[in-house]
Amino acid sequence: MNSNATLIGILLLLVFIVPIFYAIIKSNAKKRKSEGITQKLINQHQLSPTYSFNDLGEQQFILDAKAKKLLHFKIEKSNEPAGTLWSIDEIKAINPHYSYYTSPSNQRIIDKINLDVVEKNGDKKTIQIYDETTGNINEVDHYKAALENLVSKVNSLRH
């Protein structure tokens with residue numbers, strides 16, 4: 001093999017390896033930053049997380065069963081969290097809402113998953129967990145199961 005072929009081989013290898021390493025490093029940095037923001041919010045609201053639901057796409061929920069509080073937040077592109085802290089006693093109803101459509105093969109497919117939170121004072125907040133146009137369809141069942149687990153835990157504290 002001549003030196004030109006070796007050089008081209010090394011360059012091609014680098015073209016494929018460098019983006020992979022970049023993606024891994026960026027993902028790890030994003031995860032650490034997210035964990036730091038989560039810990040800051042936990043400390044700020046003086047919560048002792050009983051359950052953490054950080055597997056609902058961009059939405060994150062922390063449930064403190066002892067203090068009966070539910071914290072919802074989404075880390076925006078500016079790395080600032082935007083969300084709400086509810087006392088479980090202030091929640092009148094919390095329910096998942098699924099929007100379906102029928103595919104050409106006659107299957108019901110979920111195109112949207114929302115969480116509806118109704119407070120006793122009448123305020124209602126709808127939190128979008130999944131939208132088919134922007135989400136990964138392979139994660140729908142996972143989101144649905146995690147959301148139902150969250151609703152179940154919150155409702156068990158309400159009674």
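## Close-up views

**View A. The charged end of Lys-144 is placed over the ring of Tyr-98, 5.1 Å from the ring centre.** The structure shown is a predicted model, in which local features need a pLDDT of at least 70 and side-chain atom pairs count only at pLDDT 80 or more, whereas totals for chains, interfaces and linings use all residues. Residues are numbered from 1 along each chain as its sequence is written, and side-chain values use heavy atoms, with hydrogens and water left out. A charge sits over a ring if NZ of Lys or CZ of Arg is within 6 Å of the ring centre and within 35 degrees of the ring normal. Another such arrangement involves Arg-108, which lies over the face of Tyr-100 at 3.8 Å from the ring centre.

**View B. Two aromatic pairs are present in the structure.** The ring centres of Tyr-51 and Phe-53 are 6.4 Å apart and the planes stand at 35°, so this pair is tilted. Rings of Phe, Tyr and Trp (its six-membered ring) pair if their centres lie within 6.5 Å; planes under 30 degrees apart count as stacked, over 60 as edge-to-face and the rest as tilted. Tyr-51 is partly exposed, at 33% relative accessible area, whereas Phe-53 is buried, at 5%. Here buried means under 20% relative accessible area, exposed means over 50%, and partly exposed lies in between (1.4 Å probe, protein chains only).

**View C. Tyr-130 and Tyr-143 form a tilted pair, because their ring planes stand at 55° with the centres 6.1 Å apart.** Tyr-130 belongs to strand S7 (residues 124-131) and Tyr-143 to helix H2 (residues 140-158), so the pair ties together parts that are 13 residues apart in sequence. Helices (H or I, at least four residues) and strands (E, at least two) are DSSP runs, numbered from the N terminus. Tyr-130 counts as buried because its relative accessibility is 1%. Tyr-143 is buried as well, with a relative accessible area of 9%.

**View D. Glu-58 and Lys-74 are joined by a salt bridge between their side chains, at 3.2 Å from N to O.** Glu-58 is located in the loop between strand S1 (51-56) and S2, while Lys-74 is in strand S3 (residues 69-75), so the pair ties together parts that are 16 residues apart in sequence. The structure holds one salt bridge. This term denotes a side-chain nitrogen of Lys or Arg within 4 Å of a carboxyl oxygen of Asp or Glu. Glu-58 is exposed, with a relative accessible area of 52%, and Lys-74 counts as partly exposed, at 23% relative accessibility.

**View E. Glu-119 is buried yet has no salt bridge.** The nearest side chain of opposite charge is that of Lys-125, 7.7 Å away. For charge, Lys and Arg count as positive and Asp and Glu as negative, while His and the chain ends are not counted. Glu-119 lies in strand S6 (residues 108-119). With neighbours within four places in sequence left aside, Glu-119 is in contact (heavy atoms within 4.5 Å) with Trp-86, Glu-90, Ile-91 and Lys-92.

**View F. Ile-91 is part of strand S5 (residues 91-102).** Ile-91 counts as buried, because its relative accessibility is 1%.

**View G. The side chain of Gln-60 makes a polar contact with the side chain of Thr-38, at 3.5 Å.** A polar contact is a pair of N or O atoms within 3.5 Å; within protein, one must be able to donate a hydrogen and the other to accept it, and residues adjacent in sequence count only if both atoms are side-chain atoms. Gln-60 is found in strand S2 (residues 59-64) and counts as buried, at 12% relative accessibility. Leaving aside neighbours within four places in sequence, the residues in contact with Gln-60 include Ser-34, Phe-53, Leu-71 and Ile-75.

**View H. Gln-46 has a positive phi, near 50°, in a residue other than glycine.** Most residues other than glycine have a negative phi. Gln-46 is in the loop between helix H1 (3-44) and S1, and counts as exposed, at 69% relative accessibility. Asn-106, in the loop between S5 and S6, has a positive phi near 70°. Asn-106 counts as exposed because its relative accessibility is 66%.
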